[in-house]
Structure formats: C-alpha cells, structure tokens
Amino acid sequence: MHLHEYQAKELLVRYAVPIRPGKVASSAEEAARLFTALGGHRAAVKAQVHAGGRGKAGGVALVATAAEAQAAARRLLGSRLVTAQTGPNGLPVHKVLVETACEAAREFYLGVTLDRAERCVTLIASKEGGVSIEEVARRSPQSLFRERIDPCLGLHPFEARRLAYELALPASAFRAMTELAAGLTRCFIELDCSLVEVNPLVLTPGNELVALDGKITLDDNGLFRHPELAAWRDPSQEDEREVAAHQYGLSYVALDGAIGCMVNGAGLAMATMDLIKLHGGEPANFLDVGGNATPETVTAAFEIIERDANIRAILVNIFGGIVQCDVIARGILAAVETVKLKVPLVVRLEGTNVEEGRRLLKNSPIKMTTAASLSEAARLAVELAGESNHNDTRLR
C-alpha cells in the first residue's frame, strides 16, 4: 500500500527524520492561507499523487506569495497529473502539500528496502539525489552504497558512520546522518514496510540534513498489525480493478496485453504469463484467485477482467488441490453464465477430480475452448486473441 508524501512525512517525523514545515490543503484558498501561516516565505506546492517524477511533470511549483500558492493549487487540484510512472491517464490530484522551501548545497538518495536477490533488508544510498534511483543504478551502479541490515538488530552506529563517510559528508553532519539513517531503518522494520525512501535528502549550506521528499510503501501482509495506517489507503490513486479485486481478496495487477488471465496460485500465474509470451501473446493482467476459489470469487474475477477494454480472450488455468476440479468447473460455469462473456474463453483444469471437472465443461452448453496442457491453453488463447472476428470456438 502506497502512502502520499504528506502521510509518509508524518511517519518519518515520528522517527526523528528532519523535514520542512508544511501542511496539506484541499482547496486553493486553503493553500494560500497555509502559505501565510508558514511565514509567507518561499514555499513549494506539491501535488499529492502515488507517483514519482512530479517535478518534471509540473506537479511541484515554487511560489513566493500567497497569490502564487493559490494559483498553483488551483491549477493542480482537480487535474490528473501524468508522470513517467503513472501511464498516459495520469492520477487525480485531490490534495496539495504546501511546504517551506529549502536551499540545498548537495542532494542525496537514501532508502531502505528488501533486497530479494540477497534475501535481506538493505539500506541504499547515492550521492546523486533528486533523480530516479533506477536511473542511477542503470547508469553507474558502482556509485550506489549498500548496507545489509539485520532486522533483529537494526542499523549499527558504525554502519551509519560508514554511510556518512561514503557520501563524503562534512564531519559536523555525521551524527545527524547516523540518527536519520537509524530512524529510516526503524520505520521500515517497525511499520512492516516494503520501501522507505528519501529522495532527495539535502545537505543545506549550514550542513543540516533535511528530507525534502518522502516515500513509504507498506506491505499489505502486515497491515493487520497497523489498522490506523490501513485507514490511510487512497483508492482514488489505484486502478479501479485492483480496488475491486482487493475487496474480494484477489491478487490483481493490470498489464498492457490482450489476454486476460485467471489462475490460482502466484507461481502458476507467473508460469501462465510466461507461456503466453512464449507463444507470442501479451497477458493483460496478473490475477490470482487463491487456493480456495469459490463461485463468488470466480464471478468477481471474470467481472474484473471484463472491465479491461483491451481484452480479446480469457485464459483460465486452475489446479485443483484444496478445491477439487469438479467444484471449480461448476464455479466457472456459474460465473460465465452470470457475466455473459463477450470474448473467447480458454479453460485448462488439472488436479483432483480433473476428469469430472472436464466432463462438466464438455457437457455444458456454454461455448468455450478447453485444453489438456498449459502450453496448449496458452497457444490457443493467443490464437483466439489474434482473430479479428473473435468468434467463440470449442475445442475437444
């Protein structure tokens, strides 16, 4: 679950991470009042969306008067901000953060995340702040500083001092960096995050460290321990299909292809997507209905897939383990009857009671294509998605 910048900074302050004074506004008039309340000096008006690259996209405005703050907020609020991370439709701006400006002598990147390749929590830092860390890693990977962190012990002071040395900070800023890096690490561990990031972290002319931006992503699997943070979810920043899937306990990620996928099990879903690409197609989504798929969840899954206007075929790939294949087959038939699919459907079943499940599908009056193997199912789905007339087909 992603947080807005103002929410992330509210959490960072709790962990002694220094930020600039600022407050969030929902109207242009409120933004003007906040500018004055913050001292009437230079400030930044920042669009609050779940995406990076806001500055390049015009989502951050530096203002010097209350009138300029009001004009900037009026321009941003109610708009859809398109950045390199949002896609062409952009994300809606419902709030802006009005924050006092800060002069920067140097800019850095500092983040804590899970390094899946190394299977450990890792602190990552770079002397190049204010730009995408992915861009830095691609252009000059040797410039990244990494520190493995034991989540039971946290970041040791000597590790934080080593970080300050690697970033060539002045000696007067070493203690501040030690406290800041330790705070980021505690935030990551204690709040069950998957990412805590400050970009840029600036060193002021007075050798003070300030987090100009903050990004926090919470691990959904840990939200049950933080109900107060779960309430901060902003559905307007998420794909409506992903929001609907979340309500039914489904794992859904929208992609750019034309073949809708419904699979039970994340590993099987990845294999299904790989085979679709192997046969020359492109998956339209990742959708895991879980091991306890029911007619209700299967129906919801079909409805979510059908919302994608780019869908030209649907591939259902189910392994009957906890739920037997005949039960799954009845659920698929009931769901298809309810949803009234408008695109070809390919179904592949395997597992317990698979023969009974296949018999139910074969004897059903509902038109669909069945396949005995995953590779065959993927090939058929790609072929059907490529047909211009999208005629229903039945393969036995």
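Arginine 119 sits in the loop between strand E7 (106-115) and strand E8 (120-126). Its phi is positive, about 60°, although arginine 119 is not a glycine. The model is predicted: local features need pLDDT of at least 70, side-chain atom pairs count only at pLDDT 80 or more, and totals for chains, interfaces and linings use all residues. Residues are numbered from 1 along each chain as its sequence is written, and side-chain values use heavy atoms, with hydrogens and water left out. Helices (H or I, at least four residues) and strands (E, at least two) are DSSP runs, numbered from the N terminus.

**Backbone**

- Most residues other than glycine have a negative phi, and most peptide bonds are trans.
- Arginine 119 is exposed, at 77% relative accessible area. Exposed means over 50%, buried under 20%, and partly exposed in between (1.4 Å probe, protein chains only).
- Lysine 340 also has a positive phi of about 60° and is not a glycine. Lysine 340 lies in the loop between helix H11 (325-339) and strand E17 (345-351).
- Lysine 340 counts as partly exposed, with 49% relative accessibility.
- Asparagine 199 and proline 200 are joined by a cis peptide bond, with omega about 10°. Proline 200 belongs to strand E10 (residues 193-203).

**Salt bridges**

- Side chains of opposite charge can pair when their charged atoms come close.
- The whole structure holds 26 salt bridges. Each is a side-chain nitrogen of Lys or Arg within 4 Å of a carboxyl oxygen of Asp or Glu.
- Arginine 233 pairs with glutamate 238, with the closest N and O atoms 3.0 Å apart. Glutamate 238 is partly exposed, at 22% relative accessibility.

**A buried pair and its network**

- Glutamate 5 and arginine 54 form a salt bridge through their side chains (2.9 Å, N to O). This pair links distant parts of the chain, 49 residues apart: glutamate 5 is in helix H1 (residues 5-14), and arginine 54 is in the loop between strand E2 (43-47) and strand E3 (60-63).
- Glutamate 5 is buried at 4% relative accessible area. Arginine 54 is buried at 8%.
- A network of salt bridges links Glu5, Lys9, Lys46, Arg54, Glu99 and Asp213.

**A helix-to-helix pair**

- Arginine 74 and glutamate 29 meet in a salt bridge (3.6 Å, N to O). Here too the pair links distant parts of the chain, 45 residues apart: arginine 74 in helix H3 (residues 66-76), glutamate 29 in helix H2 (residues 28-37).
- Arginine 74 is partly exposed at 47% relative accessible area. Glutamate 29 is partly exposed at 41%.
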